[in-house]
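Let us walk through a model of two protein chains, step by step. Keep the structure in view as you read.

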Amino acid sequence: MAMVQTILLKNGRLIDPVNRLDKKGSILLEKGRIKAIFSARQKTGPLPKKLLSFDLQGKWVVPGLIDMHVHLREPGEEHKETIESGTRAAAAGGFTAVACMPNTNPVNDCQSVTRLILEKAESASARVYPVGAISKGSLGKSLAEFGEMKKAGAVAVTDDGKPVTDSQLLRRALEYASNHKMLVISHSEDASLSRNGAMNEGFTSTSMGLKGIPHIAEEIMVYRDLAVADFTGCHLHLAHISTRESINLIRQAKKNGCPVTAETAPHYFTLTEEAVKGYNTNAKMNPPLRTPKDRAAVIAAIEDGTIDAIATDHAPHSVLEKDIEFDQAANGIIGLETAVPLALALFRKGYIDALRLVELLSSSPARILGVKGGSLGIGAAADIAVIDPEHHFILQEQDILSKSKNSPFLGARLQGKAVLTLCGGTITHNLLTP
Amino acid sequence: MSSEYLFAHKHILGLDHLSVPDIELILNTAESFKEISARAIKKVPVLRGKTVVTLFFEPSTRTRLSFDIAAKRMSADTFSISASTSSTTKGETLADTARNIEAMMPDILIVRHPSSGACHYLAKHIKTAVINAGDGTHEHPSQGLLDLMTVKEHKGKISGLKIAIIGDISHSRVAHSDIIGFAKMGATVFVSGPATLIPQKVEKLGATVCLTMEDAVRDADVVMPLRIQKERQHDPLIPSFREYASFFGINREVLQSAKPDALLMHPGPINRGVELAPDVADSRQSVILDQVTNGVAIRMALMYLVLGGK
């Protein structure tokens, strides 16, 4: 959509965790930036004639959401998602920026792939922050060219999708990344314990005859990762944390001053392994859905700050990879278009307040990735999401903008939705009438 | 058993979804069909004009033959497709293979597949009745039912009996169906084997885990060693067949600790000298061949019932 010069977002609930702001007011956007913020009683003063104005009574106006863990599948698996379709899904979900994982084909392990992604992202509906690979080809052998990828625009490195099995490589990656001020993200998994596993190991896997992935497969590597981060003193970010003991380990490490941050995904605080019953491949992901105890621990960690951010691990797969035998089906679910209602459920149930919710979905990811955004400061880029917390909808395949429809929430009644998204002042998603 | 009870299942995917009255109906129906196989003319017209397709993605001799014989004794027309001859090897999906077969209007599809849940998947995608002939490490319902039938036939009951299942519980769909079936019918199930081959939380399925085979077998009414597969030596789940045989192989001495009239069962095929000593396999306590005979009757009953019992 075309960029309108001046936009007024009126009478919304402005929520900005960075400035500890949670009050009714209006925001004036001009030339893609936040020009002014008015409290409810304040007069806006004279406004230009050509003004696009939205009355946002009852809606939340928050800094654009930032998903620090998505798979956009381009290059290489464009039948699942493209940068174009993935960022449209992002915009529809209230996201103005996404960090895309490097497990594309070819792997984003060098500056030319990073550049290609950013070229494609020029016309995208959200900012795209490429994440490069830790190792060449994500093969876990030798370091990828962090410096060149950083220069090309990558913000972090990870071998996500595969764990870094070699502890020496992880140590060297952390040390070397510190030269380039690049974040290292770990996918913590002991592959020898999880090999061929299709779901969480426990009674449900036994009763379904599926090979299990024990929770210790995650925890052992979380412990290793924390030890390496602590030893090197380099910041490490742990992706998609799903188990109770992982959380206990992270909580303790943070107490001891270990430079670690962690994210979880909405499905880990919403669902349990029960969702797999009936061999539902749309509930198959890695790490797998766990038990009610793990789910409760994830929520507690979101409450107490052990978990820093919510990231969706948006992992599109087509029916070719999903509508098949369960053990053969690919891991992963889409998440961009359901993150807001699922996270809002935590708010409605009283686990977190609105500021914390926005922090988890926007301010924290910005801070961890070291990118702009995450607040409603005057002069900042007009990356803004308007959320209607009362919007009720049933998630239906035809409404999903992602190219892939692999969601365990298909058919679910959800509450809360982004109704307007602006990225750099450009409307990227709009369900409202001005 | 009331003759009024209606069988409400279109598919037989596992013992998990069958109720006690369902299982009783199947066993009673199978008992009444068993006599057909003993006749000089082994054929009744019950399924005349019906088409039964066996679709096997894993090798099998006895299960497939048993279904085939069962269908033919009921006058159904039977056709066999093996994974090696099916188009799956050409990259066709399981659903497409099944839809293509469905388009030729069979009445029953009997499926064996290496993936757990493959039969559930097919049941969702096609309208034809699906009978699970073994899916991955999940269930093998017809085997579980024929085991129940064999025990009931010899003991007159199932409830209150002690059943000992020994061996690779993790990878055995037979053990899985047996644990569910025997527990549902009121028996007490004990399992034992190398702890590497006992799945997590199997107790919740209805089995008590014993660390030694001796504890599981003591005073048992039924002793059932399971086949141990050669690959397990390399997995690594067991060090060697030799060691396995000495700690978990059923021999005369172990069997003597069971009840004097205990039944020895085995889902076959037997690794003689590994999970079962050769002399024991042929002992008077062995009902292994009765299991095979009853298998035909159970499969006749299942096909009859999924088509509405008419």
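What should the 15 residues of α1(B) span at 1.5 Å a residue, and how far apart are its end C-alpha atoms? The expected span is 1.5 Å times one less than the number of residues. For α1(B) that rule gives 21 Å, and the end C-alpha atoms are 21 Å apart, so the two agree. Helices (H or I, at least four residues) and strands (E, at least two) are DSSP runs, numbered from the N terminus.

Some ground rules come next. This is a predicted model: local features need pLDDT of at least 70, side-chain atom pairs count only at pLDDT 80 or more, and totals for chains, interfaces and linings use all residues. Residues are numbered from 1 along each chain as its sequence is written, while chains are lettered from A and ligands numbered from 1 in the order in which they are written.

Stay with α1(B). Its buried residues are B:Ile23, B:Leu25, B:Ile26, B:Leu27, B:Thr29, B:Ala30 and B:Phe33. Buried means that 20 or more other C-beta atoms, placed from the backbone, lie within 10 Å of the residue's own. Their cover includes α5 (141–155), α6 (173–184) and α11 of chain B.

Now step back to the domains. Chain B is divided into domain 1 (15–140 + 295–306) and domain 2 (141–291); such bounds come from an automatic or database domain assignment. The two centres, taken over C-alpha atoms, are separated by 25 Å. Across the boundary, 21 residues of domain 1 of chain B are in contact with 21 residues of domain 2 of chain B. Contact means that C-beta atoms, placed from the backbone, lie within 7 Å. On the domain 1 side, α1 (20–34), β4 (129–135) and α11 (288–306) of chain B each supply at least two residues. The largest share, five residues, comes from α1(B).

Chain B also meets chain A. Here 21 residues of chain B are in contact with 17 residues of chain A. On the chain B side, α3 (94–102), α4 (118–125) and α6 of chain B give two or more residues. α4(B) gives the most, with three residues.

Finish with chain A. Its secondary structure comes to 13 helices and 18 strands. Of its 434 residues, 58% are buried. The C-alpha atoms fill a box of roughly 65 × 45 × 45 Å, taken along the principal axes.

Note on methods
Contact = placed C-beta atoms within 7 Å. Buried ≥ 20, exposed ≤ 12 C-beta atoms within 10 Å, placed from the backbone.
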